[in-house]
Amino acid sequence: MTSMVELETLRNKLEQIVGAPLRIKQLTKQQTESVYNRVERQESPIISERSDSQAGSDLILKNSIVVEDMIWYPLYSKNGHIFVLEAPVRELSNEVMQLIELLISQVRPEVDTSVSLQGDEEREVLRFSAWIVEQLDQERGDSEIPDDLELKRRLTGEMIPFLLTCESVHAADIHRTQLKKLLKSYFDGEVVLVPLRSYEWLVLAKKELVIGAGEDKDEENSESETDMLSAFCLGLYELIANEWVGTFHLSAGPSFSPIKWLPSMVSLLRETIFLGRTFHVAEHVHFPWELLLERLIYSIPVDQRRLFLEQAGDHGVLFSDNETLSTLESFFQLDCNVSETAKRLYIHRNTLLYRLDKIKQETGLDVRSFGDAVLVKLTMLLYKVTKRK
């Protein structure tokens, strides 16, 4: 399949040939939906029928689109977003435009590339995505999904929400169709997959696909549901990370009814990934119920965080040491258990005790004591979120 590097090389060569500025452009959701609508209505002529007087109008052409004073040559579609080669239409003759179209057609990726062949489901997913983004932008977390969105009919009953993001935009090459196929195999059933931003996907799955049937459970078993969801997400993350190269983050929320509160849930999952990346940089799977203290810490105003750190003592040198930070994180994760922490870190028990004694010597706090451990934990979290300010 043609890579972005090859497309960029072609752009440079074409720019030299035609003597006009060219660029690779990602269409906005509104532009994409407008393109789909005009294709469906078949309102516009083909390129050979375009006259100079029509240069400023919106036209759908064979393999190109003229919008106002620009011409777009579709390159490929990724995660519901269309990428095009854009050129100023008034600076190109019909012959040059046809030449560019011919060359683009020779290198255009074969998978998920056709604008006009997108199905009804793809268009409906884009509409659904645009609605979610609009609610988030306007902070309407309690908005109910409108009836005119067809996807609403698939969002019945209790569902488990997941949010997947990829940091390495040049390292991964993930198409929605490929990701959906992978998810269907892992979930062993149909899921709803909605691209929200570039390299960000919302996944909604029936509760029974993730943690089994929804029979009544007591309080003890409800905790086991959390453990089941945690194990499920770890497996899903490993599958995705092995399939594509890149740095991924995955968050998941409790089962809920998505008809209402869906934007609020997406906002929560985004915040969960942000907090996880901020406070636990070595982890890639994040859950909101595991980040309650981190959420509280982050909500503290910056000036109050700094004041607390000044009063608690400046331990920046201590926390900037990777070995010490790793030791403390493992020690707290394992409930301050010395033996288990030594096993986790693959070090001798006495080596761990030496490190803890060193921390006590430098801070005056003994993390084997509950009160001191709480203070060190809070100071460590505050340092993580404040040091970047």
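Tutor: The discussion below takes up a helix pair and then the nonpolar cores.

Tutor: This is a predicted model, in which local features need pLDDT of at least 70, side-chain atom pairs count only at pLDDT 80 or more, and totals for chains, interfaces and linings use all residues. Residues are numbered from 1 along each chain as its sequence is written, and side-chain values use heavy atoms, without hydrogens or water.

Student: At what angle do helix α9 and helix α15 pack?

Tutor: Two packed helices are described by the angle between their axes and the distance between the axes. Here α9 (residues 292–299) and α15 (residues 370–386) pack at about 60°, their axes 10 Å apart.

Student: Which residues in α9 and α15 meet?

Tutor: From α9, L293, E294, I297 and Y298 meet K377, L378, L381, L382 and V385 of α15. The residues of this contact (heavy atoms within 4.5 Å) comprise seven nonpolar, no polar and two charged.

Student: How many residues has the largest nonpolar core?

Tutor: A nonpolar core is a set of buried Ala, Val, Leu, Ile, Met, Phe, Trp, Tyr and Cys residues joined through side-chain atoms within 4.5 Å, buried meaning under 20% relative accessible area with a 1.4 Å probe, protein chains only. The largest has 29 residues, and F162, F187 and V210 have the most contacts inside it. Helix α7 gives the most to this core, six residues.

Methods:
Axes are lines fitted to C-alpha atoms, for helices over the stretch in contact, and angles run from 0 to 180 degrees between N-to-C directions. Helices (H or I, at least four residues) and strands (E, at least two) are DSSP runs, numbered from the N terminus. Ala, Val, Leu, Ile, Met, Phe, Trp, Tyr, Cys and Pro count as nonpolar, Asp, Glu, Lys and Arg as charged, and the others, Gly among them, as polar. Buried means under 20% relative accessible area, exposed over 50%, partly exposed in between (1.4 Å probe, protein chains only).
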